[in-house]
Amino acid sequence: MSTMNTPEVALVISANATVEVKKFMAAEGITPDVGGLRVSVQPGGCSGFKYSLLIEDQAADDDTVLQQDGYKVFVDPFSIQYLNGVVIAEVPGYNAHYL
């Protein structure tokens, strides 16, 4: 069972990206009452950090859990320090990506 930590981060997910997150969750059979989007930051060597977006079925015990327009966002303790002020938005097109 996860503990919902108090959010210490201002993380914004655009409306278009939210639509896509909900589509991915539905496709994977993840219910928004328990599952959600994991946003993480990983060391990336010479080029700095890598950012990761994953659909997960539940939060980890030490995650901060943010409520976002009908689903949860899970952030681990290492990543939270790098995500304040980050905006996640879909860039539409043939090879749609997020920034």
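The following is a dialogue about a predicted model of one protein chain.

Visitor: What should I know about the model and its numbering?
Guide: The model is predicted, so local features need pLDDT of at least 70 and side-chain atom pairs count only at pLDDT 80 or more, while totals for chains, interfaces and linings use all residues. Residues are numbered from 1 along each chain as its sequence is written, and side-chain values use heavy atoms, with hydrogens and water left out.

Visitor: How many helices and strands does the protein chain have, and what makes a run count as one?
Guide: The protein chain has 2 helices and 8 strands. Helices are DSSP runs of H or I with at least four residues, and strands are runs of E with at least two, numbered from the N terminus. Read from the N terminus, the order is β-α-β-β-β-β-α-β-β-β.

Visitor: Why is G35 called buried?
Guide: Buried means under 20% relative accessible area, exposed means over 50%, and partly exposed is in between, with a 1.4 Å probe and protein chains only. G35 has 0% relative accessibility, so it counts as buried. Its place is the loop between α1 and β2. Of the 99 residues in the protein chain, 37% are buried.

Visitor: Which residues does G35 touch, and what makes a contact?
Guide: A contact means heavy atoms within 4.5 Å. Not counting residues up to four places away in sequence, G35 touches M25, I30, E56, D57, Q58, K72 and F74.

Visitor: What makes a group of residues a nonpolar core?
Guide: The members are buried Ala, Val, Leu, Ile, Met, Phe, Trp, Tyr and Cys residues joined through side-chain atoms within 4.5 Å. The largest such core here has 18 residues, and I13, L37, V39, Y71 and V73 touch the most other members. At least two residues of this core come from each of α1 (15–27), β2 (36–43) and β5 (71–75). In soluble globular proteins, nonpolar side chains tend to be buried together.

Visitor: Which residues does Y71 touch?
Guide: Leaving out residues up to four places away in sequence, Y71 touches I13, T18, V21, K22, M25, P32, L37 and L66.

Visitor: Why is R38 said to form a salt bridge with E56?
Guide: A salt bridge needs a side-chain nitrogen of Lys or Arg within 4 Å of a carboxyl oxygen of Asp or Glu. The side chains of R38 and E56 meet at 2.9 Å, N to O. This pair links distant parts of the chain, with R38 in strand β2 and E56 in strand β3 (residues 49–56), 18 residues apart. R38 is buried at a relative accessible area of 9%, whereas E56 is partly exposed at 24%.

Visitor: What is the partner relation between R38 and D63?
Guide: R38 also forms a salt bridge with D63, with the closest N and O atoms 2.5 Å apart. R38 lies in strand β2 and D63 in the loop between β3 and β4, so the pair ties together parts that are 25 residues apart in sequence. D63 is buried, with a relative accessible area of 1%. Salt bridges that share partners join R38, E56 and D63 into one network.

Visitor: How many salt bridges does the whole structure hold?
Guide: The search finds 4. One of them pairs E20 with K23, the closest N and O atoms being 3.3 Å apart. E20 and K23 are 3 residues apart in helix α1, so they are separated by about one helical turn. E20 is buried at 17% relative accessible area, and K23 is partly exposed at 49%.

Visitor: How do you know that the side chain of Q68 makes a polar contact with I13?
Guide: A polar contact is a pair of N or O atoms within 3.5 Å; within protein, one must be able to donate a hydrogen and the other to accept it, and residues adjacent in sequence count only if both atoms are side-chain atoms. The side chain of Q68 reaches the backbone oxygen of I13 at 3.4 Å. Q68 is in strand β4 (residues 64–68) and is buried at 15% relative accessibility.
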